[in-house]
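Please read the numbered points alongside the sequence and the model.

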There are 2 protein chains.
Amino acid sequence: MKDFVKVMKALSDPNRVKIVKMLQHKALCVCEIQAHLQIAQPSVSKHLKILENVGIVESTKEGLWVNYHLTDGSSSPYVSSILGNLKHWLNDDAKTREIVAKLPDIRREDLCKK
Amino acid sequence: MKDFVKVMKALSDPNRVKIVKMLQHKALCVCEIQAHLQIAQPSVSKHLKILENVGIVESTKEGLWVNYHLTDGSSSPYVSSILGNLKHWLNDDAKTREIVAKLPDIRREDLCKK
DNA sequence: CAACTATATTCTCTAAAAAGAATATAAGGT
DNA sequence: ACCTTATATTCTTTTTAGAGAATATAGTTG
């Protein structure tokens, strides 16, 4: 019960759902996600942590960058099922389209000073 | 996006998930649900309204009683899918078992003065 | 190891959600 | 019509979630 509710809660925020929809297309670092969502960097990190805690995303380090990507959902049947559904859900959603359209234009090389 | 988030939010509360699990077994009136959840009656009504607003439950009047039952989920693909999954999810959950076990013992005839 | 950069954590503030008390409404019985 | 009963709504309070500012950490480069 608790686990299920935690997964529902994790997906109860529009910004977090947007993150999932973005990561379906490619792995992204924090600064790229921030550029898409237009919220403060600490807020992005916090959202990512919530998604990570329920097994929706994972991260791998690449130098200073931390790349976030979707998991295969194997940690939980709830995550597995909903991530599966989200592959086709919301693809026609206006906000999803808007963000996906910008994906090619937002690159870490431009965002970060390196 | 908004609709999806609303469904997730509706299922982000343990009491509301318990209501869904109860209603899988039989339609219940407000006072029966209240007896199971052990929270104030207005809180039950409010939870039910949230579930009703996203198309998870419906109600029919029967005299003074209002019977709540699950919908077929036809109002939304999100509801449809998750209600389908919830038929098998959480059946082994301790709190679900506890509530389901009590279902036969809690009858409106005993709870209400009629 | 010192300076820099990307990310994480902490802290504080604001906003939203959940709970109960009191009250309102609607249906039934007398 | 009045009283009772089941449910809904409103109001207030407490708790929880989201946002940003400031700060801390970790990896990189010189």
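1. Beyond its neighbours within four places in sequence, Val7(A) is in contact with Val54(A), Ser76(A), Tyr78(A), Val79(A) and Ile82(A); two residues are in contact if their C-beta atoms, placed from the backbone, lie within 7 Å. Val7(A) also belongs, with Ile56(A), Val7(B) and Ile56(B), to the residues with the most contacts inside the largest nonpolar core, which has 52 residues. Such a core is a set of buried Ala, Val, Leu, Ile, Met, Phe, Trp, Tyr and Cys residues joined through C-beta atoms within 7 Å.

2. The model is predicted: local features need pLDDT of at least 70 and side-chain atom pairs count only at pLDDT 80 or more, while totals for chains, interfaces and linings use all residues. Residues are numbered from 1 along each chain as its sequence is written, and chains are lettered from A and ligands numbered from 1 in the order in which they are written.

3. The contact between the chains takes 18 residues from chain A and 17 residues from chain B. On the chain A side, helix 1 (2-10), helix 2 (14-23), helix 5 (77-85) and helix 6 (94-102) give two or more residues each; helices (H or I, at least four residues) and strands (E, at least two) are DSSP runs, numbered from the N terminus. This side has 11 nonpolar, 4 polar and 3 charged residues, where Ala, Val, Leu, Ile, Met, Phe, Trp, Tyr, Cys and Pro count as nonpolar, Asp, Glu, Lys and Arg as charged, and the others, Gly among them, as polar.

4. A rotation of 180° with 0.0 Å of shift along its axis superposes chain A on chain B, with RMSD 0.0 Å (least squares on the C-alpha atoms of residues with pLDDT of at least 70 in both). The two copies are therefore related as by a two-fold rotation axis. Within chain A, Met8(A) comes closest to the axis, at 2.6 Å (C-alpha).

5. Gln38(A) has a positive phi near 60° and is exposed, with 7 other C-beta atoms within 10 Å. Leu90(B) has a positive phi near 70°, but Leu90(B) is buried, with 21 C-beta neighbours inside 10 Å. A residue is buried if 20 or more other C-beta atoms lie within 10 Å of its own, exposed if 12 or fewer, and partly exposed in between, with C-beta atoms placed from the backbone.
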